Amino acid sequence: MKERLEELEQEAILKVEKAETIDALKNVRVEYLGKKGPITEVLRGMGKLSKEERPVIGQLANEVREKISVAIDEKQSKLEDEALEEQLKDESIDVTLPGRPVQVGGPHLLTSIIEEIEDLFIGMGFDIREGPEVETDYYNFEALNLPKGHPARDMQDTFYITEELLMRTHTSPVQARTMGQKDGKEPVKMICPGKVYRRDTDDATHSHQFTQIEGLLVDENVRMSDLKGVLQTFAHKMFGEEREIRLRPSFFPFTEPSVEMDISCKMCGGKGCSVCKGSGWIEILGAGMVHPNVLEMSGYDSKKYSGFAFGMGPERIAMLKHGIDDIRHFYTNDVRFLSQYHNA
Amino acid sequence: MLISLNWLKELVDISGYSTEELAEIITKTGIEVDGVYEPEDLPENIIVGNILSCEQHPNADKLSLCQVDTGKETLQIVCGAPNVRAGQKVAVAKPGAVLPGNFEIKQTELRGEESNGMICSLQELGVKEEDVPEAFIDGIFVFPDETEIGEDAVELLNLDDSIIELDVTPNRADALSMAGVAYETAAALDREYELESPSYEETKEKANDYVTVKIENEEANPYYGAFVIQDVEVKESPLWLKNRLMAADTRPINNVVDITNYVLLEYGQPLHAFDFDRFNSEEIVTRYAEEGEQIKTLDGKIRTLSSHHLVITNGEKAHAMAGVMGGAESEVHEGTTTLILEAAYFDPRVVRQGAKDHELRSESSVRFEKGLDVNRVRQAGERACELLEKYAGASILKGVSEEDHLNREETKIRMETQRLNDRLGTSMISEDVKEILRRLQFGYEEKKDVFDVQVPTRRFDIAIFEDMLEEIARIYGYDRLPYTLPNSAHQAGGLTEEQRLKRDVKTYLEGAGLSETITYSLTDKVSAEQMISPELQEEEQGAIRLAMPMSEDHSHLRLSILPELLRTHRYNLARQQQNLAYYELGKVFISEDEEHQKQPREITRAAGAISGNWVTHPWQQEKKEVDFYVVKGIVEGLAERLGVTFSYMKGELEGMHPGRTALVVCEDEPVGFMGQVHPRYQKEWDLRETYVFDLNLDRLLEIYEKEETFEQIPRYPSVSRDIALVVDEETWAGDIEVTILEAGAPLIKQVKVFDVYQGEHLEDGKKSLAFNLLYQDPERTLKDKEVEKAHGAILEQVASQHNASLRQ
């Protein structure tokens, strides 16, 4: 019997080695290890053996079974590996072919610029305020120290609808409205972005519709140096830490003193070049200390309260930042223009 | 305002500063410099020559042969100018001279005659044609007889001048004169300047005996002064005067006109000269015009006036529109011998009205409009008299005939050093303030750091403390202010809920594949009233029109964003851009009244337009054109993003495909629409098949549920069942869904269409809709029996309500 078992073992191992497919191997397993297989048969015949032989042969039979089983398992995993390898080989693809495009959109460049500026001022404690685009003459002009007949009204040629109704020429009316709501008591700290309109013929540098962001801070003891500090912080964050700012006198009816802010030219570092028209400086925004008439008209005591205001044009900033040469690009919405700035 | 540095130099010491440096300092302290024009490309080697003889060129009709004495030699020069004559002193460019435009003069031969140079016109020397005196426009320039031969013509003509162009803001009208700029420059550089008082001899006769002045409206005309000037010889101005005018972009005319223009530039005070004889009266009356009164102005036009235009009359007839333009009738002409010289102060608003109504904005009207120094009005008249005496041989009658209601009081402003520092963030001491006031030449009294400043009348822009604050700050130097941050840290900034949601909506739409556009709010009338969302149609009263649009293309406020979005499509399609997916968040404007007198309601909308391929992946043969359901998916996703529930109803709308348009309903009210653009409109507009949506974002943000309470994640399994229903082809899936949800409540959690079929194995006119139904109870595991019961109820209801049968 012992010989028979050893013979079976050799025979089975040989068959395992010869098996080239998983199916063939399965057959070997059934043939030798199945319930009707020869080893089972050997074990069944054990009854004829002596008491002493029985455990010896039993152990041997188990050993043979184990050896065959291990051989089959090993072969099985080898065959499986081979099959998988074959499958993977078949499945390999050209990874250089283009992928299925995902339709991606993106924000308009002006929105990106406006949101960047909004976030920057939110970081400095400002709120965002909005207001109507069709304004009354009162909020657009009178409440901002621009009474009817004031020559400075010419600075902003206006689309009127009626004598009292117009397309707002700046977002400053939002400031007047916000101050008016506060009853002359609470401080105001806000910026107001939005669309504005001027009676201009559209060309490379003019657009009858454009955007503006104006800011206002009213509180007790606001100093002009605070304006300078806030504007510098803005300029550094927006245009780079290395940029310098300068203020120079200007005029706006709603501020006194009024200034314009320039930043040092990035192209030439202040030496003068074609971008800055030789001056080394680029005009970015207008600003000033809120005119006492504006404060008083909105109910603030100008002896107690002071404030500063500033206003800038996102188009101009976008044009400077990206070297865009024509303001009309923002409103013709050429897909080839828009898509350039989807990650701006 | 153009500032000649050669002129400024005579008023203020500007030595030690280059033109650039000067421009920088002026910009930083007060007035923006718009441009600096340095003499470059200057003609060289141009001298004054005397034409000894001038004969007809033997071989050319239009050319002359001139012998020109240049002091050292006599040159033969061929000249083509029609005004060349023997005896003239002219600008000669000798061979080797280089004219602007790098034009080198060479010895040459013209039609067989030697020519050793060129006799120059002003244009050839670089003067702008519009500044050239009329007599010299079509020919060479002729110097006055007394000019020395051999002198440098470039210098004589002041062509080596540097010009600074100032952009004077409306508040700094004081700088619209050389005197004003001189005061400003002196303050900026800390140098000295004072406007000199004019002087001249007066005759014994009094101006008052010739003409009297009567002002009817003191408010409109607080001051009117009339000088009477006799024995005037109208002729060319001296060269220096011409040069000054040309440098300021003013064309020289004759000495009388030039002198009034010169004083305008020097003093900032407009003057006007009448021919006394043609004025034909011994009284001047200033009054408001009568309604319909007419006057022929200097430009030859007949102007019809109204009662808010001020006129200067001879008691009967208007001879000038006050501050705007003189009348043609009493214009100074070659034969004028006696002048009435007007020096007046008119109310800025009155002049503004006249200039605006007649579109006559001039150097004079602008100055009246912006204000004048009350103390310089009469003085400017005197200055003109001084010059007329000198350059027109005139005799000036004694005094001035005038009516005077001007308030010449100086403004007094109190300021404390501490308050200045509080407002500026500086730490000046009173000595610093005094120093600045000295430079500005403002008078003051100071006691214990309290200043009472007397503002000279030339600075009529300064009225309140804040104006003085600006004066102090700008001379102190804005660059010396410290950088500080506001003390108000008690407010944290942030977006409002609405602002945050708008950003979310944008981000969602961009993620869904749409690009943001910004289009015009103002459009043409037709576009403004097209594709108005159904929920707005009841209340809208037509698009609001601008009173004075620049063009009809941008004349009305839009009631829908879509027409402009579609215009964007057309624009891009015309440029071979095929696959377009756009959205815009913008406002539409709903008038509150028929007459459009009230401020309109502004509604923010989220609108989109998509055309072309939605998916294109050629090598995998995958291609999907945009269709209704692509856009619907985007709209549904938006609802989900906002946490609102939309339902859809078939809708019909002008401009939209009648079978492919849905109203979007939220909380039982329409909030917008979506669908395909009508093929007719599509064709008319050269579009491709285009799908759009347009939603009332303001309304959606109102509906948006702020507090989303946490919903337990279900702990018990759900049961999924599929059903296929055969229905009439007109039956809508959405309606069946509603029935299923109602009939299966409360166990049914979700219904989804997963198949729509029509064709083989189905009767004609029928279709099959397959739904997946999900049942769930949050509290326990559902029993089969319960599901069966609910399922049965659903089948019963769809059968009865929609004539639906289970597909076999």
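Student: Before we look at this predicted model, where do the UniProt positions and feature names come from, and which residues of chain B are listed for "domain: FDX-ACB"?
Tutor: UniProt positions are given in the numbering used here, feature names are shortened, and annotations may be inferred rather than shown by experiment. With that in mind, the unreviewed UniProt entry assigns "domain: FDX-ACB" in chain B to residues 714–807.

Student: What are the helix and strand percentages of residues 714–807 of chain B?
Tutor: The end C-alpha atoms of this span lie 32 Å apart. As for its secondary structure, the span is 33% helix and 34% strand.

Student: Are H22(B) and H23(B) parallel or oblique to each other?
Tutor: The axes of H22(B), residues 733–744, and H23(B), residues 784–802, come within 9 Å and cross at roughly 140 degrees. Angles over 145 degrees would count as roughly antiparallel and those from 65 to 115 as roughly perpendicular. The two helices are therefore oblique.

Student: Which handedness does the crossing have, and how many nonpolar, polar and charged residues are in the contact?
Tutor: The crossing of H22(B) and H23(B) is right-handed. Its contact includes B:Ile736 and B:Ile740 from H22(B), together with B:Ile794 and B:Val798 from H23(B). By class, the contact has six nonpolar, five polar and one charged residues.

Student: Which three residues supply 9% of the area that chain A buries against chain B?
Tutor: The contact between the chains takes 97 residues from chain A and 93 residues from chain B. The buried area is about 7700 Å², with carbon and sulfur atoms giving 52% of that area. On the chain A side, the three residues that supply more than any other three are A:Gln103, A:Lys228 and A:Pro249.

Note on methods: Residues are numbered from 1 along each chain as its sequence is written. Chains are lettered from A and ligands numbered from 1 in the order in which they are written. This is a predicted model: local features need pLDDT of at least 70, side-chain atom pairs count only at pLDDT 80 or more; totals for chains, interfaces and linings use all residues. Side-chain values use heavy atoms; hydrogens and water are left out. Axes are lines fitted to C-alpha atoms, for helices over the stretch in contact, and angles run from 0 to 180 degrees between N-to-C directions. Helices (H or I, at least four residues) and strands (E, at least two) are DSSP runs, numbered from the N terminus. Angles under 35 degrees count as roughly parallel, over 145 as roughly antiparallel, 65 to 115 as roughly perpendicular and the rest as oblique. A crossing is left-handed if the near helix is turned anticlockwise from the far one by less than a right angle, and right-handed if clockwise. Contact means heavy atoms within 4.5 Å. Ala, Val, Leu, Ile, Met, Phe, Trp, Tyr, Cys and Pro count as nonpolar, Asp, Glu, Lys and Arg as charged, and the others, Gly among them, as polar. Buried area is the accessible area (1.4 Å probe) that two parts lose on being put together, summed over both.
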